[in-house]
Amino acid sequence: MAKFISRLAPGRIIALGFALVILLGSGLLMLPCSIQDGVTVRYIDALYTSTSAVCVTGLIAIDAGDTFTPLGQFFLASLIQVGGLGVTAVGAGIILAMRRRVNLKGRNLVREAMNLDSGQGIVRFVHRIFLTTLAFELAGAALSFLSFVQDYEPLDALGISLFHSVAAFNNSGFDILGNFQNLIPYQDDVLLNLVTCALIIFGGIGFLVIQEVVRKRFRWSKFSMHTKVVLTVSAALIVVGTLLIKLTEDVTWLGALFHSVSARTAGFSTYPLGSFSNAGLLVLTVLMFIGASPGSTGGGVKTSTFFVLLQGIKSAATNKTEKAFHYSVPADAFRKAAVITLLALGVVLTGTYLMVILDPGVTLMQALFEVTSAFGTVGLSTGITPGLSDGSKLLSILIMYIGRLGPLTIASLWYFTKGERTHYPEGNIAIG
């Protein structure tokens with residue numbers, strides 16, 4: 001078995017790793033010690049919950065607070081943590097903790113999973129990932145505790161705070177408050193809203209960006225092109241999203257800001273989205289589709305992909321080279337960004353089409369929102385998730401899996417040939 005795995009390409013090993021963790025998680029969530037007395041959990045719902053956790057989505061077919069025991073909630077938080085950091089990074093971290101060396105195959109897996117340019121400094125990078133995660137999650141739990149302790153006993157508040165911090169930093173919209181209420185009871189709690197937003201933002205910009213910002217002491221002129229693109233696009237999407245949501249929905253400015261941030265793959269909500277207008281849902285759908293940044297805990301087509309697409313369109317319209325922040329955009333970046341976006345659109349549109357067939361009672365907007373949320377590993381829902389048919393749940397499981405790995409990775413899994421032997425003369429195609 002080990003010899004077979006060693007022969008696989010990095011992308012296939014990562015895909016296999018996520019699938020195995022999902023199956024393991026579904027088994028753990030089905031254990032009697034994980035389920036509260038008097039509650040029955042079907043395997044399809046356990047599998048759905050495990051997939052949602054490992055793919056750091058947050059879509060729920062069963063309420064985590066009303067269904068699982070503290071041990072089951074611990075399993076759920078562990079699945080979120082593994083899914084957010086990445087199976088390969090966690091595996092490498094365990095090897096390092098055992099004081100063993102990470103071999104070349106392991107280094108290549110981490111490089112592939114985290115979108116790194118080279119394999120240099122992989123061990124130091126993994127160390128920093130774990131330290132960064134620990135620091136943010138402990139700080140987030142401590143600050144969240146100040147809000148939750150007002151409504152719960154100190155020990156319960158501590159458990160909720162730790163779970164919430166892990167879910168927020170890993171951009172997974174799970175909560176254990178019960179009754180499918182998410183954070184609606186705390187829509188006016190400024191501290192919890194801002195702490196959650198901060199955890200989502202830092203988890204969504206990526207470990208590479210966080211480390212570079214700290215290493216270069218917040219000096220904008222010293223940042224790489226990637227960091228400047230991620231920070232600029234992230235800030236612009238948050239501002240524009242806040243304004244558009246405030247214009248279309250009857251929410252506070254704090255609520256508009258929170259949902260603009262959360263829609264970028266986190267999935268927490270402080271207002272019932274079932275009451276949002278189609279205009280508001282469309283804004284959230286676009287934000288979910290764009291998603292977070294490369295090398296982060298979030299999904300979507302990524303902020304850098306969106307930026308490169310805009311630059312390519314601008315270049316074609318103005319007949320000027322693609323450049324930004326005194327750098328030239330790499331020559332093949334637009335082609336890769338276009339491929340990723342088209343594949344993502346194909347997944348979302350196909351998934352929406354199948355969902356409205358499998359569940360005729362679901363409206364087109366609800367289906368589009370649900371499928372985009374699954375693909376972007378967001379977790380926001382208009383409230384239709386628990387009532388979906390088993391066919392739609394299996395469809396969502398597949399879409400969450402594709403969204404976590406990335407459509408380009410999935411598309412390349414069945415590619416076996418190493419090169420083309422036949423070459424043809426270049427043809428001419430009229431475009432536009």
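**Aromatic pairs and a buried threonine**

Ring pairs join F136, F169, F202 and F207 into a cluster, where rings of Phe, Tyr and Trp (its six-membered ring) pair if their centres lie within 6.5 Å, with planes under 30 degrees apart counted as stacked, over 60 as edge-to-face and the rest as tilted. The model is predicted, so local features need pLDDT of at least 70 and side-chain atom pairs count only at pLDDT 80 or more, while totals for chains, interfaces and linings use all residues. Residues are numbered from 1 along each chain as its sequence is written, and side-chain values use heavy atoms, with hydrogens and water left out.

By this rule there are 9 aromatic pairs. One of them is edge-to-face, because the ring centres of W220 and F325 are 6.1 Å apart and their planes stand at 70 degrees. This pair links distant parts of the chain, 105 residues apart, with W220 in the loop between α11 (207-215) and α12 (225-248) and F325 in the loop between β1 (323-324) and β2 (327-328); helices (H or I, at least four residues) and strands (E, at least two) are DSSP runs, numbered from the N terminus.

F325 also forms a stacked pair with F307, at 6.2 Å centre to centre and 20 degrees between the planes. Because F307 lies in helix α15 and F325 in the loop between β1 and β2, this pair ties together parts that are 18 residues apart in sequence.

Helix α15 (residues 303-318) also holds T305, which is buried at a relative accessible area of 9% (buried means under 20%, exposed over 50% and partly exposed in between, with a 1.4 Å probe and protein chains only).
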